[in-house]
Amino acid sequence: MCGIVGYIGERNATPIVLNGLKRLEYRGYDSAGIAVLQNGNIEIRRDAGKLSKLVSLVENQPVEGHIGIGHTRWATHGEPSARNAHPHMGTSRQIVVVHNGIVENFLELREELIAEGVSFNSDTDTEVIVHLIERFLSGGTSLEEATRQALRHLKGAHGVVVMSSLEPDKIVAARIGNAGGVVIGIGENEMFVASDIPAILDHTRRMIFLDSHQMAVVTRDNVRVSTLDGKPVQLQEHLISWDPVAAEKGEYRHFMQKEIHEQVRSLTDTLAGRVDFDEGVIRLPQLNLTPHLAKRIQKIIITACGTAAHAGMVGKVLIEHIARIPVEVDIASEFRYRDPIVNENTVVLAISQSGETADTLAAMDEGRKRGAVLWSIVNAIGSQAMRIADGYISMQTGPEIGVASTKAFTAPLVDLYMLAVLLGDLRGVLDPLKRKKLVSDLRLIPDLVGRCLDRENEIIPVAREMKYIRNMLYLGRGINMPIAYEGALKLKEISYIHAEAYPAGEMKHGPIALVDRDMPVLAIAPQDPWYEKMISQIEQAKARGGSVIVVASEGDTRVPELADHVFWVPQTPWLLSPVVTVIPLQLFAYHIASLRGLDVDQPRNLAKSVTVE
């Protein structure tokens with residue numbers, strides 16, 4: 001995931017920024033860069049590849065100054081290259097920007113700027129930000145005000161850090177939505193800016209965290225925070241423990257809560273380098289998928305365990321609908337023992353966060369013995385499931401510490417969507433207009449997830465009301481049926497509450513007998529093709545005295561008349577709706593467990609990676 005580090009003070013910024021980027025190296029990246037104000041001019045060093053290449057570049061072409069910003073990047077717009085690496089400089093060479101997030105409306109903004117005579121030097125969406133700031137600076141405003149005006153034109157979630165030779169005594173940083181954090185570190189006659197605590201923990205324990213739609217103006221001896229509307233914000237300083245584990249949690253009580261909130265950034269990174277929004281195409285080079293292979297695939301078997309299997313169930317709907325290939329979903333521990341029908345025209349696709357799950361590896365081995373093509377979707381780089389596969393997709397979510405998986409569930413949902421689009425394209429079943437629409441919809445996802453997270457406080461009172469329940473029934477249909485299974489699993493895993501999930505259409509075949517005032521029902525009913533059917537199931541649960549919670553699309557007027565509680569999610573293209581409907585279920589389970597005083601990150605009897613059968 002992208003990393004940002006900034007420094008202003010009396011020391012040389014270069015080693016501080018580079019060392020900070022090194023602390024964020026675990027996030028992964030495809031390029032890195034640094035900008036330093038040297039003798040009144042902004043000097044940039046940047047290159048594609050590992051951070052070591054940037055370090056070597058700086059050793060060969062030294063740069064020194066008292067203010068600097070740096071960045072490690074996962075590409076979202078433009079291939080990984082030196083020209084696309086951050087930082088990005090404006091035409092005047094007086095403004096420089098680093099950025100996390102996706103500028104959803106960058107095509108429109110770029111066309112507008114080109115019409116004004118602006119020349120672009122990269123293929124990135126980030127470059128529109130620096131040109132917008134230059135536009136407003138030309139009107140005589142301050143760097144702070146020009147940045148504020150520029151940010152108002154952006155759609156999506158963003159973390160932005162700006163530096164200018166025109167105002168060499170400050171760094172401007174802003175956060176919009178949940179494209180990663182913005183942390184201000186307070187030192188003695190020096191200040192630090194970062195996207196995460198570990199980057200600056202060697203220098204200070206005093207931290208300020210920006211909330212969404214807040215901007216900080218940072219000088220060497222002061223920090224001033226305001227909203228994007230210009231209203232002053234009273235600072236709340238946090239003292240961070242030197243303990244690296246505690247420090248990693250930052251402003252959150254638990255790793256699980258942090259990882260739920262990291263999903264905007266992890267999903268942005270999941271798209272990185274894979275989605276060409278200009279051309280409307282998907283690129284998954286590590287999958288080694290050719291048109292010939294795509295056309296000879298007769299069946300895909302997705303094999304996984306637990307949360308990963310639920311992602312696979314969503315993947316079945318996506319691949320069958322978009323690419324028109326039959327898909328089976330097999331629990332890995334069952335697949336290896338059931339004498340499956342597999343041949344050289346079958347793909348066995350394994351999904352695993354750790355890439356070391358024993359049953360999943362054994363299922364892959366079984367597929368190999370029977371001549372299948374092996375693919376994997378894996379989070380842990382270099383893991384066994386990645387090494388033995390014929391092709392793979394890396395989740396790119398960064399480390400997941402909490403045992404109950406969250407960001408490593410939503411990332412493979414997007415990976416499977418991208419795989420479905422690529423397969424459909426290579427097999428010739430997608431016309432260009434539909435393909436471009438499917439690809440364009442991916443641009444919306446980080447912001448839609450961020451909007452779900454912004455509603456977290458609406459979920460806490462419901463969790464407080466439900467924290468003593470003993471049982472719960474989860475219902476879903478179609479592409480959101482697996483989300484019912486995933487929501488129930490999360491409640492079981494961390495809250496120790498018995499929860500069962502059913503396809504809503506099966507209610508009359510048994511489960512409805514359980515519904516009474518002591519059996520709450522949670523129904524997932526966004527406005528998708530199954531909406532009317534879900535409304536019918538909600539009515540039946542209410543008729544039997546059940547307390548009903550509904551996950552519903554914003555603007556729905558029918559659900560509030562039926563439900564006792566509503567978890568609102570934004571309107572979302574239905575093929576991507578599971579990515580947003582699962583967010584309130586993760587938060588609901590988390591807050592119930594937290595309110596019950598349980599060990600959220602390490603629930604009893606569970607391990608992060610199940611490496612034995």
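Predicted model: local features only at pLDDT ≥ 70, side-chain atom pairs only at ≥ 80, totals over all residues.
Met472 counts as buried, because its relative accessibility is 1%. You will find Met472 in strand S22, which covers residues 471-476. Leaving out residues up to four places away in sequence, Met472 touches Leu491, His498, Ala499, Glu500, Met519, Pro520, Leu522, Ile549 and Phe588. For a sense of scale, look for His99 too: the C-alpha atoms of Met472 and His99 are separated by 42 Å, and the two residues are 373 residues apart along the chain.

**Helices that pack together**

Two packed helices are described by the angle between their axes and the distance between the axes.

| Helix pair | Axis distance | Axis angle |
|---|---|---|
| H17 (residues 456-466) and H21 (residues 577-595) | within 9 Å | roughly 50 degrees |
| H8 (residues 263-271) and H16 (residues 445-453) | 9 Å | about 170 degrees |
| H10 (residues 306-323) and H18 (residues 481-495) | within 8 Å | roughly 165 degrees |

Let's take H17 and H21 to begin with. Their axes cross at roughly 50 degrees, so H17 is oblique to H21. H17 passes H21 in a right-handed crossing. On the H17 side, the contact is made by Glu456, Ile459, Ile460, Val462, Ala463, Arg464 and Met466, and on the H21 side by Pro584, Leu587, Phe588, His591, Ile592 and Leu595. Sorted by class, the contact of H17 with H21 has 10 nonpolar, one polar and two charged residues.

Now turn to H8 and H16, which pack at an angle of about 170 degrees. These two helices are therefore roughly antiparallel to each other. In H8, the residues Gln263, Val264, Leu267, Thr268 and Leu271 meet Ile445, Pro446, Val449, Gly450 and Leu453 of H16. This contact of H8 with H16 has seven nonpolar, three polar and no charged residues.

The remaining pair in the table is H10 and H18, with axes crossing at roughly 165 degrees. That angle makes H10 roughly antiparallel to H18. The crossing of H10 and H18 is left-handed. Gly306, Thr307, His310, Met313 and Val314 in H10 meet Met481, Pro482, Ile483, Tyr485, Glu486, Leu489 and Lys490 in H18. By class, the contact of H10 with H18 has seven nonpolar, three polar and two charged residues.

**Aromatic rings in pairs**

A pair of aromatic rings is described by the distance of the centres and the angle of the planes. The count for this model is three aromatic pairs, using ring centres within 6.5 Å as the cut-off. Among them is the pair of Tyr7 and Phe192, which is tilted, with 5.3 Å from centre to centre and 50 degrees between the planes. Tyr7 lies in strand S1 (residues 3-8) and Phe192 in strand S10 (residues 191-194), so the pair ties together parts that are 185 residues apart in sequence. Are these two residues buried or exposed? Tyr7 is buried, with a relative accessible area of 0%, and Phe192 counts as buried at 0% relative accessibility.

Trp530 and Trp574 also form an aromatic pair, and this one is edge-to-face, with 5.5 Å from centre to centre and 75 degrees between the planes. Trp530 sits in the loop between strand S24 (521-525) and helix H19 (531-543), while Trp574 sits in the loop between strand S26 (565-569) and H21, and the pair links these distant parts of the chain, 44 residues apart. Trp530 is partly exposed, with a relative accessible area of 23%, and Trp574 is partly exposed, with a relative accessible area of 24%.

**Backbone details in the loops**

Most residues other than glycine have a negative phi, and most peptide bonds are trans. Where does this model have a cis peptide bond? The bond from His86 to Pro87 is cis, with omega near 0 degrees. Pro87 has its place in the loop between strand S4 (67-73) and strand S5 (88-89).

Asn288 has a positive phi, near 55 degrees, and is a residue other than glycine. Look for Asn288 in the loop between strand S16 (281-282) and helix H9 (291-296), where Asn288 counts as partly exposed at 48% relative accessibility. Asp339 has a positive phi of about 55 degrees, although Asp339 is not a glycine. Asp339 lies in the loop between helix H11 (332-335) and strand S19 (346-352), and Asp339 is exposed, with a relative accessible area of 57%.

Technical notes: Residues numbered from 1 in each chain as written. Heavy atoms only, no water. Axes fitted to C-alpha atoms, helices over the stretch in contact; angles between N-to-C directions. Helix = DSSP H or I, 4+ residues; strand = E, 2+ residues; numbered from the N terminus. Parallel < 35°, antiparallel > 145°, perpendicular 65-115°, else oblique. Left-handed = near helix turned anticlockwise from the far one by under 90°. Contact = heavy atoms within 4.5 Å. Nonpolar A, V, L, I, M, F, W, Y, C, P; charged D, E, K, R; others polar. Phe/Tyr/Trp six-rings, centres within 6.5 Å; stacked < 30°, edge-to-face > 60°. Buried < 20%, exposed > 50% of the residue type's maximum accessible area, 1.4 Å probe, protein only.
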